[in-house]
Amino acid sequence: MKNWIILLIFCCFGWSAYSQDDLLGLLGEEETTDYATAAFKTNRVINLHSLESTAAGVLDIKISHRFGMLNRGAYDLFGLDNATIRIGADYGITNRLTVGFGRSSYEKTLDGFVKYKFLRQSSGKKVMPITAALFASTAVQGLRWANPDRENYFSSRLTYTYQLIFGRKFSDNFSLQFSPTVVHRNLVKFSIEANDVYAAAMATRIKLTKRMAINAEYVYVLPDQLVPGYRNSLSIGFDIETGGHVFQLHFTNSTSMIEKGFVTETSGDWLDGGIHFGFNVSRVFTVHKPRH
Amino acid sequence: MQKFFFLLAVILLVGGTVNAQKYFTRAGKVTFTSEAPVEKIEAVNQSATAILDTESSRMEFAILIKAFQFEKALMQEHFNENYMESSTYPKATFKGQIDDATAVNWGKDGSYPVTVSGDMTIHGVTQKLTAPGTITIKEGSIAAQSTFTVAVADYGIEIPSVVAENIAKEVTIAVDVQLAQLNK
């Protein structure tokens with residue numbers, strides 16, 4: 001008898017609690033996978049490729065400029081009288097696969113690259129601590145042969161770069177990435193130079209406001225591969241975003257804006273004012289709209 | 001006597017589950033439209049969660065902000081990063097009820113105009129909201145539609161003056177859900 005009363009009370013109580021409860025709670029949480037986005041504002045940090053891809057169907061036109069070195073003094077208006085430029089275009093074939101090409105005034109070089117993101121940082125249902133991408137590029141140097149009388153081969157103009165890019169967006173404001181790099185040069189000037197140059201690159205972004213960030217990158221070239229005089233590339237810059245454009249303003253000791261150049265041919269000395277002021281302007285166009 | 005209590009208990013249990021009819025979906029459609037002088041921005045979310053209790057006329061909605069799909073990838077990034085701050089405020093919710101509970105005859109097919117009011121939470125800010133809508137009952141399934149506007153500033157979302165011509169101060173939200181009975 002007593003038991004039945006308890007059951008009755010329980011039923012009444014249980015029932016009323018059931019209908020008072022918040023309704024969404026009844027459905028329970030459906031676990032979803034949350035992919036990290038926008039670890040960097042664009043697919044470049046400064047010179048280095050960032051772990052970001054260009055979104056599917058998006059064309060990203062990039063115009064990059066490096067003025068002359070600051071230590072050229074007032075006569076050259078601290079480098080502003082000279083400039084090297086790279087004009088390029090990147091396109092997202094899928095959200096993971098980006099291709100691009102560009103033409104640099106520095107050594108009249110044409111370059112093309114493929115980048116494939118094979119891991120995406122995510123939390124929730126599927127947990128992946130990092131984003132990782134493979135990058136490969138080819139550069140064709142276009143200068144006239146220094147010595148046209150001897151037999152010259154087209155292959156001598158070619159350089160290849162392979163990179164594994166991996167990193168993490170630690171918080172909304174802080175992203176960090178590493179990229180082990182190898183640059184293969186078909187032809188080098190001196191026999192003491194390595195054809196395969198191994199380097200380790202590191203880059204970070206610190207977001208200051210919603211539309212502004214500080215970037216920094218450093219490329220450490222393993223010793224005894226380059227002739228003396230070449231230095232590691234160090235760049236520091238600002239990203240400023242204004243709707244469809246991203247302006248990247250920076251200081252760097254590298255003249256070239258492509259891997260084979262800034263990894264193996266950086267000559268500027270930061271301590272001696274061997275620094276270029278430069279900028280990248282990126283403008284995206286949605287060429288192909290995704291279907292809902 | 002024991003029998004009586006047993007019966008009462010059974011009636012209450014059964015009665016409870018029969019009366020507390022709940023309908024839900026996890027694939028509701030929510031469309032967001034911003035019409036500004038320079039640009040029309042539209043985004044669709046196809047995975048809204050909604051639940052309706054026909055007994056109490058209460059309704060609740062929850063949507064993941066990141067699930068809004070835009071035509072332009074950059075717009076989607078800006079929407080999440082700069083405006084909705086979806087990593088901090090991943091969801092928007094609405095918890096309310098149909099104002100006039102007698103407006104709908106849940107047992108009879110038909111289309112019933114209703115007014116729904118309750119608490120809307122977007123970008124971590126909760127505001128009272130009243131919106132007109134339609135409940136359509138057809139062969140035991142329930143559909144609900146509603147279109148209303150929200151002022152972006154009410155929810156603490158800042159629009160910088162640079163893009164004031166591109167983003168509307170009031171955006172239109174259209175909700176369209178097909179609910180199925182919840183078996184619990």
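Start by selecting R283(A) and F285(A): R283(A) lies over the face of F285(A), 5.2 Å from the ring centre. Here "over" needs NZ of Lys or CZ of Arg within 6 Å of the ring centre and within 35 degrees of the ring normal. Now pick R157(A), which sits over the face of W145(A) at 3.9 Å from the ring centre.

A note before moving on: this is a predicted model, where local features need pLDDT of at least 70, side-chain atom pairs count only at pLDDT 80 or more, and totals for chains, interfaces and linings use all residues. Residues are numbered from 1 along each chain as its sequence is written, chains are lettered from A and ligands numbered from 1 in the order in which they are written, and side-chain values use heavy atoms, leaving out hydrogens and water.

Next come the ring pairs. Rings of Phe, Tyr and Trp (its six-membered ring) pair if their centres lie within 6.5 Å; planes under 30 degrees apart are stacked, over 60 edge-to-face, and the rest tilted. Over all chains there are 12 aromatic pairs. Select F67(A) and F277(A), a stacked pair with 6.1 Å centre to centre and 5° between the planes. F67(A) is in strand β2 (residues 58-69) and F277(A) in strand β14 (residues 276-286), both of chain A, so the pair ties together parts 210 residues apart in sequence. Strands are DSSP runs (E, at least two residues), numbered from the N terminus.

Is F277(A) buried or partly exposed? At 26% relative accessibility, F277(A) counts as partly exposed. Buried means under 20% relative accessible area, exposed over 50%, and partly exposed in between (1.4 Å probe, protein chains only).

Definitions and conventions
Helix = DSSP H or I, 4+ residues; strand = E, 2+ residues; numbered from the N terminus.
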